[in-house]
Amino acid sequence: KGLELALVETFQQLGFEAVPKAAKDEQDGLAEAFLPANDQGLAQYRVSLEAKSKEKPGGKVKKSGVEVSTIARHRDEADCDYAIVVGPDFETGADDLGAVMREIQADRLANPTKGITLMRARDLARLVRLAPIKRVNLAKIRELLSSCQSPAEAEQWVDAIAASQPESSPHQPILETVWELQHDDKDHTVEYAALRTALRLTRKLTISDAELREECRALSRMAPGYFNARDDRVELNIKPENVLTTIHAYVDEVPLED
């Protein structure tokens, strides 16, 4: 149960709307990525969350513990696009050609727009730590779910995120603008629409609503308690320079290795 709840909380931290489930014969949780439409149409997607634990440290989840057909049924009955199975490690056979991987590959062939991903808990933990620094958004995480099936592929994907060099973030102008807006109107917190307008007019920074929300969520993950990103507004509870100091400390403390 602890792993199930931690998995749901992890996806909430990554920016999904995630809820626990785990009633009889259903997945352990559901996560939904609310994204604006793109050139191909709707971009939002849903993920079925499955947690698999072992009593003894170092143990691997066997094929019988994964139950690919059940995972796929949970995914499809909940109208999800993807399913992710998280555990300490998995028995996937030599060169990832074991029975569980063959079943996952067969499911992908039968359902080309859907997928099942096996991921080690330690790699998901790395992704949570790296996401705000490397600016990993919900659209990027879809690449993980659509392209990776085995734990080794998921690990390589996180390795690539760790090695990436994203563009400089607009965190400082966001913080300074929120601080100014809060001082102008002390009775109200700052809505995203007002923040976007102020950034464009006073900072010459044009940013989409989705991008602004992602940046604010990243700030809230790196400086919890100081900066809060809610569904419709943001709150800054300390001077911007203090938040920036906290963010720099967060970046410095993220381990390069597990």
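**View 1. Aromatic pairs in the predicted model.** A search of the whole structure finds 3 aromatic pairs. Rings of Phe, Tyr and Trp (its six-membered ring) pair if their centres lie within 6.5 Å; planes under 30 degrees apart are stacked, over 60 edge-to-face, the rest tilted. F16 and Y45 pair edge-to-face, at 5.8 Å centre to centre and 80° between the planes. F16 sits in the loop between α1 and β1 (17-20) and Y45 in strand β3, so the pair ties together parts 29 residues apart in sequence. Ring pairs link F11, F16, Y45 and Y82 into a cluster. This is a predicted model: local features need pLDDT of at least 70, side-chain atom pairs count only at pLDDT 80 or more, and totals for chains, interfaces and linings use all residues. Residues are numbered from 1 along each chain as its sequence is written, and side-chain values use heavy atoms, without hydrogens and water.

**View 2. Surroundings of Y45.** Beyond its neighbours within four places in sequence, Y45 is in contact with residues including F16, A31, Y82, L138 and R142. Contact means heavy atoms within 4.5 Å.

**View 3. Lining of α10 (209-222).** In the largest pocket's lining, α10 gives the most, with 10 residues. Helices (H or I, at least four residues) and strands (E, at least two) are DSSP runs, numbered from the N terminus. Elements giving two or more residues to this lining are α1, β2, α6 and α10.
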